[in-house]
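Here is a short briefing on one protein chain. Have the sequence and the 3D view open as you read.

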Amino acid sequence: MGVGVALRAARIGAALFRIVVALIALLLLVLVGLRIAAGLREGAVAAPAGTVRFATPTGAVAARVAGPADGAPLVIVHGTAAWSGFWKDVAAHLAGKGWRVVAIDLPPFGWSDRDARGRYDRIAQAQRLASVLTALGRPAVVVGHSFGAGPATELALRHPQEVRALVLVDGALGELDPKGRGAAARVLDVRPAAELVTSAAVTNPAALRPLLRSMIARKDKADAWLPVLREPMGREGATSAYAAWLPNLFVKDDGALSRRS
């Protein structure tokens, strides 16, 4: 009786193992399919008319500029997977008030040059911002939104002479974690894994709507912003570039001053 029960348990265990293996294989096939589809969607897409480019040591930073040339400069830094196009209405309003608004595309997002070495940590991003502010020739009010608050704050700490004032909007600053980087960040350090995650959750058109709705308070506005979010995702190599940035979303300590309260 005991032997029979053991054999049945072994057969059930083996069947469950095969099911789990099959499900994992199916999941991998789906992820690979999504990655291939992402590559097929991406191609040569021109930047929007009026895009301005600022030279930096790690490539040009694209921006949308509005307002009078002699207006006080105001630099806007967007959040995760966004770009300057998200700020077009706000920029137009502020430009109408006399500000010289410079809404930038923080690499690898938008239309800025991507860094071949994947340097997207806060310190590197702050240096890019400093180059933009230096080109403006005057200290600027800097607005950092969501994940863009980190580079904006790092800029203010490292280059205070360039920053007239710092404004944080729903700033995702985080705090230094003594436990260090989590498992998610270590997995995403493996580029193929990061690309599979990115093509499934970020540059996948089917995933964009729920992703965007999860990030905004006015859920009814998601559909209006989806075309804006998708626009630069059509650029060649978008998924690979976003995947190179993705581990920074989970970094606990990259030496940035802005991580230390």
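The largest cavity is lined by 16 residues, and Leu106, Gln125, Phe147, Pro151 and Trp245 lie nearest its centre. The model is predicted: local features need pLDDT of at least 70, side-chain atom pairs count only at pLDDT 80 or more, and totals for chains, interfaces and linings use all residues. Residues are numbered from 1 along each chain as its sequence is written, and side-chain values use heavy atoms, with hydrogens and water left out.

**The cavity**
- A cavity is a set of points, on a 1 Å grid over the protein atoms alone, where a 1.4 Å probe fits but cannot get out; lining residues have an atom within 4 Å of a point.
- A search of the whole structure finds one cavity of 30 Å³ or more.
- The largest cavity has a volume of about 120 Å³. A volume is the space filled by probe spheres set on the grid points, which are joined across faces, edges and corners.
- Its lining has seven nonpolar, five polar and four charged residues. Ala, Val, Leu, Ile, Met, Phe, Trp, Tyr, Cys and Pro count as nonpolar, Asp, Glu, Lys and Arg as charged, and the others, Gly among them, as polar.

**The pocket**
- A pocket is an open set of points with protein on both sides within 12 Å along at least five of seven lines.
- The largest pocket holds about 800 Å³ of space.
- Its lining has 31 residues, and Phe86, His145, Leu212, Met215 and Ile216 lie nearest the centre.
- The elements giving two or more residues to this lining are α2 (88–96), α6 (191–201), α7 (205–215), α8 (222–230) and α9 (238–245).
- By class, the pocket lining divides into 21 nonpolar, five polar and five charged residues.

**The chain and helix α9**
- The chain has nine helices and six strands. These are DSSP runs numbered from the N terminus: helices are H or I with at least four residues, strands are E with at least two.
- The C-alpha atoms fill a box of roughly 90 × 40 × 35 Å, taken along the principal axes.
- Buried residues make up 41% of the 261 residues. Buried means under 20% relative accessible area, exposed over 50%, and partly exposed in between (1.4 Å probe, protein chains only).
- Helix α9 is mostly covered, with seven of its eight residues buried.
- Among the buried residues of α9 are Tyr242 and Trp245.

**Helix α1**
- Val30 sits in helix α1 (residues 2–41).
- Val30 is partly exposed, with a relative accessible area of 44%.
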